[in-house]
Amino acid sequence: MAKADRRRWAVATCVALVVAAIGDAGPEIVSSRSLVAGYDGPGPLIYLGVAAVVAAVRWRFMPLLAVVTGVLFLVGGFSDASFVDRLGTPAEPVQFCAAWLQLAGFAAAAAFGIAAVRRHRSVPARTAHPDGRQNSETEGPRR
């Protein structure tokens with residue numbers, strides 16, 4: 001995979017973590033109508049910090065940090081009964097949408113992070129017969 005493709009997947013990973021942070025902090029910000037007063041814990045800051053590290057450090061395996069973060073917070077979210085209740089209660093639309101946004105952000109961060117570090121296996125361009133004839137199945141017609 002080209003370096004530019006890896007960078008695109010890494011950027012997508014960072015955007016997914018920002019989406020997860022919006023999903024986490026959004027309901028508190030909406031209910032308090034203040035960016036600062038709606039603070040409920042370090043979660044959104046952790047997501048944004050991991051996104052900043054993944055964006056700033058140009059090591060090939062750095063997006064795996066976002067994968068680990070996404071998986072850990074997904075496991076933590078599903079083990080918390082209040083988060084699971086928010087996923088299934090559409091009567092509170094802000095809480096419901098924010099929970100699904102956070103869930104989608106973490107799942108996307110994990111998937112995009114894996115895509116950013118995977119290796120592309122190259123396929124040989126052509127196969128030649130030992131006697132020099134062309135293999136028409138793999139090379140196509142001669143011009």
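Guide: What follows is a short talk about a predicted model.

Visitor: What does the secondary structure of the chain come to?
Guide: The chain has 6 helices and 0 strands. Along the sequence, the pattern reads α-α-α-α-α-α.

Visitor: Take helix 2. Which of its residues are buried?
Guide: Gly43, Pro44, Tyr47, Val50, Ala51 and Val54 are buried there. They lie on the same side of helix 2, because they cover an arc of only 130° around the axis.

Visitor: Why would residues three or four places apart point the same way?
Guide: An α-helix has 3.6 residues a turn, so residues with that spacing point the same way.

Visitor: What do the buried residues of helix 2 pack against?
Guide: Their partners are helix 1 (3-32), helix 3 (63-79) and helix 5 (93-117).

Visitor: And which exposed residues sit on the face turned away?
Guide: Leu45 and Ala56 are the exposed residues carried by that face of helix 2.

Visitor: How far apart are the end C-alpha atoms of helix 2?
Guide: They are 20 Å apart.

Visitor: What about contacts between residues 24 or more positions apart?
Guide: Those make up 61% of the contacts with a separation of 6 or more.

Notes:
Residues are numbered from 1 along each chain as its sequence is written. This is a predicted model: local features need pLDDT of at least 70, side-chain atom pairs count only at pLDDT 80 or more; totals for chains, interfaces and linings use all residues. Side-chain values use heavy atoms; hydrogens and water are left out. Helices (H or I, at least four residues) and strands (E, at least two) are DSSP runs, numbered from the N terminus. The expected span of a helix is 1.5 Å times one less than its number of residues. Buried means under 20% relative accessible area, exposed over 50%, partly exposed in between (1.4 Å probe, protein chains only). The arc is that of the directions from the helix axis to the C-beta atoms. Contact means heavy atoms within 4.5 Å.
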